[in-house]
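Subject: Structure handover and notes

Dear colleague,

Please have it open beside you as you read.

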Amino acid sequence: MKPAGAGERIYRRLLRLFPKPFRQQYQESLVDAFRAQRSESRYRGLLGWARFWGEVTIDLTKTALRLRLLGDRRALSAPRRGGSIPSVQCENAGPWWTRWVSGWTRDFRFSARSLRKAAGFTAVSVITLALGIGATTAIFSLVYSVLLRPLPYDRPDELVLFWEYDPRYQFDHLPLSPAQYLDWKREAEPFSAMAGFRSTSVTLTGGQAQAERLRAMYVDGDLFDVLGVASYRGRQLRAQDCLPGAAPVVVMGYGLWQSRYGGDPGIVGSAIDIDATPHEVVGVLPPGVRFPPPVNLLGQLYEWQTQLYLPFVPDTDRRASRSVMAVARLKSGVSVDLALQQLQPLARELASRHSEIAEGVRPVLVPLREQAVQESRGGLLMILAAVGVLLLIACVNVANLQLARLPARTREIAVLSALGASRPQVLRRLLTESLLVAVIGSLLGIGLAWTGLQSLSGLARNYVPDMGPVQLNAPVLLVALLAGGLTGIVFGMAPGLRAMRLDLTRSLNQGGRSASGGQQRLRSGLVVAEIALAVVLCIGTGLLFNSFLRMQSIDPGFNAQQATALQFLLPKGRYPESAQIEQLQSRVLAETRAVPWVEQSAISSTLPLIGVGNSGAGHFLAEGQALEEAQQAQQVAETRYVSDGFFQVLEIPLLSGRAFESADLGEERPVCIVNRQLAERMWPGQSPLGRRIGISVTEGEVPWLEVVGVAENFKSG
Amino acid sequence: MPETQDFDEMLPLTPATLHILLSLAEGPCHGYAVKQDVEERTGGRIKLGPGTLYEGIHRLERQQWIEECGAPGEDEHSQRRYYRLSPLGRRVMEAELRRLDEILSFARSRNLAPDSEVA
């Protein structure tokens, strides 16, 4: 037998609506009939699917209600269909609740009929409600799942990011040096565990797929223990993997596993080529788990889309370069402040042990949760507000629709009252009708939210491949349902409430054609509110769009139009010698320039606005300057390695001197081009041409470069 | 067993009930076959969803108009439940058909029924 599909499982659950004895007796037969009906040809396709479920739901609720409410009392004979205004008839005899139920059933039937008559009104009301509820919920659910999903780690409140403050840089989010990290990890008291990681990029090759440049993270073997994340397939990295000389292994993110390997379970244990070196895949992370999470560093969002996790082998004796980020888990009950206090003595001791540690360097702990969500909370609230306005507009629309019908309804109510309907009866009639619209609209809305969310998240998955499972946001759905439903019901009752103090004869005579002044004011008020809300939304959108345009129109100092960029990275395994790299680069230049429609081509270590140039560890100094002077003045400059043609391709003006030539390659003529800012700072009022500077100078011999040109400033990063 | 006059208390039957009885009158059937039979016979005008079908069967069983029986020969090992018309059910059905027939004959005699012009 075929395994039960999702539909059948849902149906089975729905069967609980039936009274227990009935269910026990007929459950299997019902499911059998359900299955057989599902396979009928007229239920094929999407429309068929909708029709099938519509019919099944109605069938089920109707019969379940009958069985529950009427028990076996109901005879098998036909209902006596009465006059045209059913609920005004005398109620059947019987206990109060049967009367109550049959009254409701009759009201229900009557409402259905009158709604069918006002098909236009019904359709618009239902669609407005459905759209309001559906769009609101779908959009918010998606944003919530992408931006504010809780951190996918065990007890995330205990996790802190470990940074250092260095007075020389006046910056308190500095990564650690490898040696410093190892010291902290070994000796820090307040942590139950600590793990380091370092960002890198790797090239993934092999298989049928294209070579891919991916963000990878070197991580400590116990990182996932610290985070409390179990692997989805295979195992996590272990401390042994990080020992020097261990076999190269890798753990893969769920997104990459899906996108490149189609979720092939055989991936674990197989080898993939990372930077031209085979690595054994030992595990896959669960969906939605990624480390580090997007982090807000001093107002900037850093989002490492980490896809591969490689064992991290810290270089034990390097204390100069800060390259290791660290995450630590606080021992239970230890607060961040307490932890910082406990770290003080160790910080002093480490500083006295190692002269490289500058005075005033101190550890900085930031709760991971704080750093991870700060950025998104503002945006999320904004979207919630926008979505709320959308929902309000939908509600106002529903209210307006009901009020527009009011004059006609007033007459109808007058007729009913004239025929002897009591006020509660009239109110009940109106309530049923509004409820019916609200329920249909809400059901459609839920469906819309669900399908909308599926397609939206499919779209989003193209950009965030390892997005965790997306769920309908229950609180927002509930609020949307309540708001939409209540508005419909309250305003649907309006004519009835008004009828409480109605002059029967007058409204019968008037034919209810004119709306009273009060309603007119209310309706105008609603329209005004609606326009105001729409304007608010428009302004918000406009502002967003405007800042986007402004961002686009910043003059970057270069002209990227007609320029096309291509990134290539050479795996170290295949290009060990720098001569090989130079050979490849000149071949790339020669061959691209041979393409007929290429005017000029150039190679740069990083592209402006895409990557920041390398600022290196040291300072730059002009010839004749002492290193201490440069250090004191904090002379740090970004450096880019560019080929000839670079300034031409990006149309960056050269103010004086010359551009690079291919003859500048090689060791014999160490030359450089500086920008206007540097020239003005170092040699104000003088020509920088022919002078020499050193870059990334830390100590000892300075590799001097001769300034051969000055270029206009351009925006770098 | 109720007396004949009791049947009049039970009549008229709902169309769905009558059609279920008609289907079972031709021999034992399982629930879904009844549904198909009814829908075919009425050209889809009467639709019996799973709930409606078994609610009807449930009531008919309680009234002892139909009863569960074993599966017939070729379908012996089927898990499905089979039902057949009880003698009481047959009499109710006949009473209802008689009632309808009386109405129809009356209508025909007055040229009121749709096909009476042919007659």
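What follows is a description of what was found, taken up one region after another.

Please keep in mind throughout that this is a predicted model.

**Chain B and its helix H4**

I begin with chain B, whose secondary structure comes to five helices and three strands, and which follows the pattern α-α-β-α-α-β-β-α when it is read along the sequence. Chain B has 119 residues, of which 45% count as buried. If one takes the contacts in chain B with a separation of 6 or more, 54% of them are between residues 24 or more positions apart.

Helix H4 of chain B covers residues 50–62, and its 13 residues reach 18 Å from the first C-alpha to the last, which is close to the 18 Å expected at 1.5 Å a residue. Because 12 of its 13 residues are buried, H4(B) is largely enclosed by the rest of the structure. The buried residues of H4(B) include B:Leu53, B:Tyr54, B:Ile57 and B:Leu60, and also B:Glu55, B:His58, B:Arg59 and B:Glu61.

After H4(B) comes B:Gln64, which is found in the loop between H4 and strand E2 (66–69) of chain B. The phi of B:Gln64 is near 60 degrees, a positive value in a residue other than glycine. With a relative accessible area of 56%, B:Gln64 is exposed. As background to this, most residues other than glycine have a negative phi, and most peptide bonds are trans.

**Two packed helices in chain A**

In chain A, the axes of helix H1 (residues 6–14) and helix H2 (residues 20–38) come within 11 Å and cross at roughly 145 degrees, and the crossing of H1(A) and H2(A) is right-handed. On the side of H1(A) the contact is made by A:Gly7, A:Glu8, A:Tyr11 and A:Arg12, while H2(A) contributes A:Gln27, A:Glu28, A:Leu30, A:Val31, A:Phe34 and A:Arg35.

**Aromatic pairs, and a cis peptide bond**

Over all chains, the structure holds 19 aromatic pairs. A:Phe197 lies in strand E3 (residues 191–205) of chain A and A:Phe291 in the loop between strand E8 (277–284) and strand E9 (295–297), so the pair ties together parts that are 94 residues apart in sequence. A:Phe197 has 2% relative accessibility and therefore counts as buried, and A:Phe291, with a relative accessible area of 0%, is buried.

Another edge-to-face pair is that of A:Phe224 and A:Tyr309, at 5.4 Å centre to centre and with 75 degrees between the planes. This pair links distant parts of the chain, with A:Phe224 in helix H7 (residues 223–227) of chain A and A:Tyr309 in strand E11 (residues 308–311) of chain A, 85 residues apart. Both A:Phe224 and A:Tyr309 are buried.

To return to A:Phe291, a cis peptide bond joins this residue and A:Pro292, with an omega of about -10 degrees. A:Pro292 is found in the loop between E8 and E9 of chain A.

In helix H8 (residues 254–261) of chain A, the buried residues are A:Tyr254, A:Gly255, A:Leu256, A:Trp257 and A:Arg260. They pack against several strands of chain A, among them E3, E8 and E11. H8(A) is followed by A:Gly262, whose phi is positive, near 60 degrees.

A:Asp275, which lies in the loop between strand E7 (271–274) and E8 of chain A, has a phi near 50 degrees, a positive value in a residue other than glycine.

Lastly, A:Asp644 is found in the loop between helix H17 (627–632) and helix H18 (646–649) of chain A. A:Asp644 has 18% relative accessibility, and because buried means under 20%, A:Asp644 counts as buried. Leaving aside residues up to four places away in sequence, A:Asp644 touches A:Leu589, A:Arg593, A:Ser601, A:Ala602, A:Phe660, A:Glu661 and A:Ser662.

With best wishes

Notes
Residues numbered from 1 in each chain as written. Chains lettered and ligands numbered in written order. Predicted model: local features only at pLDDT ≥ 70, side-chain atom pairs only at ≥ 80, totals over all residues. Heavy atoms only, no water. Helix = DSSP H or I, 4+ residues; strand = E, 2+ residues; numbered from the N terminus. Expected span 1.5 Å × (residues − 1). Buried < 20%, exposed > 50% of the residue type's maximum accessible area, 1.4 Å probe, protein only. Axes fitted to C-alpha atoms, helices over the stretch in contact; angles between N-to-C directions. Left-handed = near helix turned anticlockwise from the far one by under 90°. Contact = heavy atoms within 4.5 Å. Phe/Tyr/Trp six-rings, centres within 6.5 Å; stacked < 30°, edge-to-face > 60°.
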